[in-house]
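Here are my notes on this model, for your review. Please read them with the structure open.

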Amino acid sequence: MSKMIKVVVKRTGENHDFCELENNLEMMQEIVGGYLEAVRLPNDIVLWCNEEGLIWGLPQNIVLMGGNKVTPIHGDVLFTSVDIKGKTIGLDDKQIVWLNNNIKIIGKAVHDNKEYFVFGLECGE
């Protein structure tokens, strides 16, 4: 059995949720709905998304903003942390507070004739 870790899950159009889940590939793939792509963020936080979310036409969920770069992420996402060896670990309390303070509603979008909120995350440069 895998170790339980603290994570943040952000489903499209919904507020982010804090939860614990098993630290294994299958669980993470189930949340994002496919193969994983990792995006490194400040504070040793990793955003995990579906690497084919845009290709599959998944709705835009969150926009990463930093400096003059804007990166839209499509589909549900999961936030974890990483240790010094690059191994996936749970988020600590400071990382959860950082995410909570930095994930904000930035607009609305429409997908399959349904309107939903799009969130942004300021990631620095």
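1. Basis. This is a predicted model: local features need pLDDT of at least 70, side-chain atom pairs count only at pLDDT 80 or more, and totals for chains, interfaces and linings use all residues. Residues are numbered from 1 along each chain as its sequence is written, and side-chain values use heavy atoms, with hydrogens and water left out.

2. Main core. The largest nonpolar core has 19 residues (buried Ala, Val, Leu, Ile, Met, Phe, Trp, Tyr and Cys joined through side-chain atoms within 4.5 Å; buried means under 20% relative accessible area, exposed over 50%, with a 1.4 Å probe and protein chains only). Leu41, Leu47, Ile62, Leu64, Phe79, Leu99 and Leu121 touch the most other members. Elements giving two or more residues include strand S5 (60–66) and helix H2 (93–102) (DSSP runs: helices H or I, at least four residues; strands E, at least two).

3. Another core, of twelve residues, lies apart from the largest one. Among its members are Val7, Val9, Val32 and Trp48.

4. Helix H2. Gln95, Ile96, Trp98 and Leu99 are buried. They line one face, because the buried residues of H2 fall within an arc of 160° seen down its axis (directions from the helix axis to the C-beta atoms). Asp93 and Lys94, on the other side, are exposed.

5. Asn61. This residue sits in strand S5. Asn61 is buried, at a relative accessible area of 0%. Its side chain reaches the backbone oxygen of Gly75 at 2.9 Å (a polar contact pairs N or O atoms within 3.5 Å; within protein, one must be able to donate a hydrogen and the other to accept it, and residues adjacent in sequence count only if both atoms are side-chain atoms).
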